[in-house]
Amino acid sequence: MTHAPITTINDKQVGDGLYAVEARNLNIYYGNFLAVKNVSLPVVKKKISAIIGPSGCGKSTMLRAFNRMNDLVHTAHATGEVFFHGKNIYDRDVDPVEVRRHVGMVFQKPNPFPKSIFDNIVWGAKVNGFKGSKADFEQLVETSLRDAALWDEVKDKLHQSGLSLSGGQQQRLCIARTIAIRPDIILMDEPCSALDPIATLRIEELMRDLSENYTIIIVTHNMQQAARVSDFTAFFTMDEDRAGYLMEYGVTNQIFTNPREKTTEDYITGRFG
Amino acid sequence: MGNQDFPQDIQEPGTGMQFITNLPLRHRIGKIWVLFFQLAMVIGIAALAALILNIVNDSTGYMAYTAKIDPLDLTGGRPLESLTSEELNQILVENTTINRYKTIFKEKPLEEWSQPELLEAVVRDVVKLTVLKTWSFTESLKGIARLRQELIELKPKEGPDASFLYKTWITSRFLSSPQNSDPLLAGLKTAILGSLWIIGITLLFAIPIGIGAAIYLEEFANQELWINKLIQTNINNLAAVPSIIYGMLGLTIFVRWLGPITSGSVFGVGDPNVVNGRTIFSGGLTLGLLVLPIVIINSQEAIRAVPSSLRQAGYGLGATKLQTIWAHVLPNAIPGILTGTILALSRAFGETAPLIVVGVSTFITVDPSNVFSQFTSLPAQIYQWTAKPQDVWRNLAAAAIIALMVLLLALNALAIFLRNKYSKEY
């Protein structure tokens with residue numbers, strides 16, 4: 001049985017017809033275990049795409065394929081292609097460090113560095129060779145924090161530890177830290193799963209604002225969140241060998257109201273997963 | 001306590017399960033275990049107290065001696081050690097023949113003599129002091145009369161004329177004098193300096209290599225690979241290898257094979273008295289090998305304890321592996337690494353066996369001046385003193401043990417201070 005994904009995106013929905021990143025026939029293995037099977041997933045530029053699906057279906061693995069974070073697991077390897085700016089990022093001559101500088105990532109648990117708020121933001125810029133005067137760095141910190149809707153809350157305590165903030169503030173600090181290096185794409189791996197509903201709402205609002213300038217891919221367990229925040233939704237599930245694959249991919253509204261696949265409908269209506 | 005409010009144990013029909021609360025017995029068992037834990041702690045503290053009391057007890061007490069001239073008569077009751085060089089010289093002038101006085105100062109003139117050297121001359125040529133017996137603090141409580149009886153039974157000839165002096169063996173003179181064959185003049189300076197030099201070499205060798213190996217094993221090596229598993233297992237086993245085996249290793253490699261380097265002769269700075277490479281350099285490297293596995297294992301644990309979320313955050317921002325390690329992994333692992341290094345340092349500082357194998361000097365009076373000097377160390381010095389037949393050396397050994405422990409505590413306190421200082425920054 002083949003799992004040809006049902007992709008219901010047409011050019012009109014894509015808008016100007018550009019994809020920020022596109023996976024083609026991607027397989028990801030951990031040792032001999034096939035975790036993600038033959039996924040072709042084009043991600044639309046400056047939109048929010050959500051990846052949903054039951055636990056263990058390879059959502060996070062898929063997300064990490066977009067910035068080659070899987071490379072950090074010794075046993076992981078990938079076949080297939082992920083095109084970014086016309087280049088397959090899995091080509092031999094591509095440096096994963098370079099990829100990660102253009103494809104930023106926000107993690108499940110807020111993980112600010114145990115440094116000051118200021119240093120949290122400038123560190124990424126510094127390691128990527130951002131040269132500037134003290135004023136340039138201050139400007140970078142302010143714009144990044146403003147873009148992450150955190151400036152008003154922390155502008156008087158930029159030199160306090162990032163860990164002194166609340167969970168929601170820490171997560172917005174992580175977002176600010178990511179946009180400080182001006183990536184094209186921001187990957188978010190269940191960014192709200194450790195947050196309370198109010199902090200979650202603020203992050204979701206922030207994501208909507210950020211999507212004006214950035215392409216966002218979010219993995220979420222929370223289907224309401226995917227429905228609220230995303231423009232496109234990819235539904236992953238797994239086969240009998242526990243290999244995750246893309247079941248259905250389309251405009252969020254259509255996936256949630258009129259899914260083509262029975263499995264998608266069952267998952268969305270809470271019948272499994 | 002309103003136990004009747006709780007539902008009584010009910011047996012569900014047909015399940016075959018039965019709950020018996022038996023709460024008093026469970027609490028009783030708990031109390032017995034707590035009692036055992038408390039007992040274990042009391043025994044531990046008692047053992048430590050016994051150790052410390054025993055050492056302190058030996059480090060002070062009465063000494064019986066005979067002297068041609070009682071030093072207290074010479075000085076009008078002041079301890080001989082507290083005299084200035086001029087006063088000591090005056091004693092020599094008054095109490096030696098002109099010929100003898102000339103002989104004493106034949107090799108170097110009076111101006112070049114230090115106070116301890118003059119003191120030595122006075123004790124040797126004027127006082128002509130012989131220690132007959134020493135007693136510990138608790139024995140000294142019996143009083144001079146009883147002690148004199150003991151002495152007469154032991155040494156009927158000298159006993160009746162012996163003088164008694166209450167002596168505390170650990171003095172600033174003791175700490176700052178070089179080694180000497182006369183127990184009253186012997187000091188610890190040579191051994192303390194030797195130990196500090198050795199520990200310096202050990203740390204310079206073991207810390208960078210140990211932390212480097214730990215970083216490689218934790219951050220770069222593929223831990224699934226059989227060769228890395230083998231290396232890891234071997235490091236763990238090496239930490240448990242008896243120290244004397246490291247001594248053999250050091251003797252073969254550093255003293256014999258690398259003798260020209262460790263003795264400094266290839267650099268032209270060697271000490272001609274040194275046989276092969278029996279130098280501080282060899283001793284320090286040997287102890288470095290000894291503590292290397294401990295440093296590696298402790299550093300690995302500290303590095304492993306840094307949450308992987310920090311590494312991921314670093315990589316996610318486009319940092320290279322090294323940038324991430326340098327900026328986030330190491331700073332967060334430093335407190336743990338320091339703690340591990342404290343343990344390693346303490347171990348190295350107290351090690352005796354490997355140094356004896358490598359060739360610690362049995363008797364040197366010259367302070368070590370560089371890494372190519374011959375050496376002795378505090379524990380080796382203590383060992384040699386305890387091996388001597390006269391009991392006065394036992395008192396000196398006790399005093400030296402106190403010095404060793406104080407030095408160890410000071411080094412540990414410094415390391416703990418550094419650790420806390422680093423920890424606070426996060």
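How many residues of domain 1 of chain B are in contact with residues of domain 2 of chain B? In this model, which is predicted, 4 residues of domain 1 of chain B are in contact with 6 residues of domain 2 of chain B. On the side of domain 1 of chain B that touches domain 2 of chain B, the residues divide into 1 nonpolar, 2 polar and 1 charged. To find these parts in the structure, look for residues 59-168 of chain B, which the domain assignment gives as domain 1, and for residues 189-424 of chain B, which it gives as domain 2. The centres of domain 1 and domain 2 of chain B, taken over C-alpha atoms, are separated by 41 Å.

In chain A, helix α7 (residues 167-179) and helix α8 (residues 197-210) pack at an angle of about 20°, with their axes 9 Å apart. Because angles under 35 degrees count as roughly parallel, α7(A) is roughly parallel to α8(A), and α7(A) passes α8(A) in a right-handed crossing. The residues that meet here are Gly167(A), Gly168(A), Gln171(A), Arg172(A) and Ile175(A) from α7(A), and Ala199(A), Arg202(A), Ile203(A) and Leu206(A) from α8(A). By class, this contact of α7(A) with α8(A) has 4 nonpolar, 3 polar and 2 charged residues.

A second pair of helices can be followed in chain B, where the axes of helix α10 (residues 226-238) and helix α13 (residues 280-304) come within 8 Å and cross at roughly 120°. At that angle α10(B) and α13(B) are therefore oblique to each other, and α10(B) passes α13(B) in a left-handed crossing. From α10(B), the residues Ile235(B), Asn236(B) and Leu238(B) meet Pro293(B), Ile296(B) and Ile297(B) in α13(B), and the residues of this contact divide into 5 nonpolar, 1 polar and no charged.

Technical notes: Residues numbered from 1 in each chain as written. Chains lettered and ligands numbered in written order. Predicted model: local features only at pLDDT ≥ 70, side-chain atom pairs only at ≥ 80, totals over all residues. Axes fitted to C-alpha atoms, helices over the stretch in contact; angles between N-to-C directions. Helix = DSSP H or I, 4+ residues; strand = E, 2+ residues; numbered from the N terminus. Parallel < 35°, antiparallel > 145°, perpendicular 65-115°, else oblique. Left-handed = near helix turned anticlockwise from the far one by under 90°. Contact = placed C-beta atoms within 7 Å. Nonpolar A, V, L, I, M, F, W, Y, C, P; charged D, E, K, R; others polar. Domains from an automatic or database assignment.
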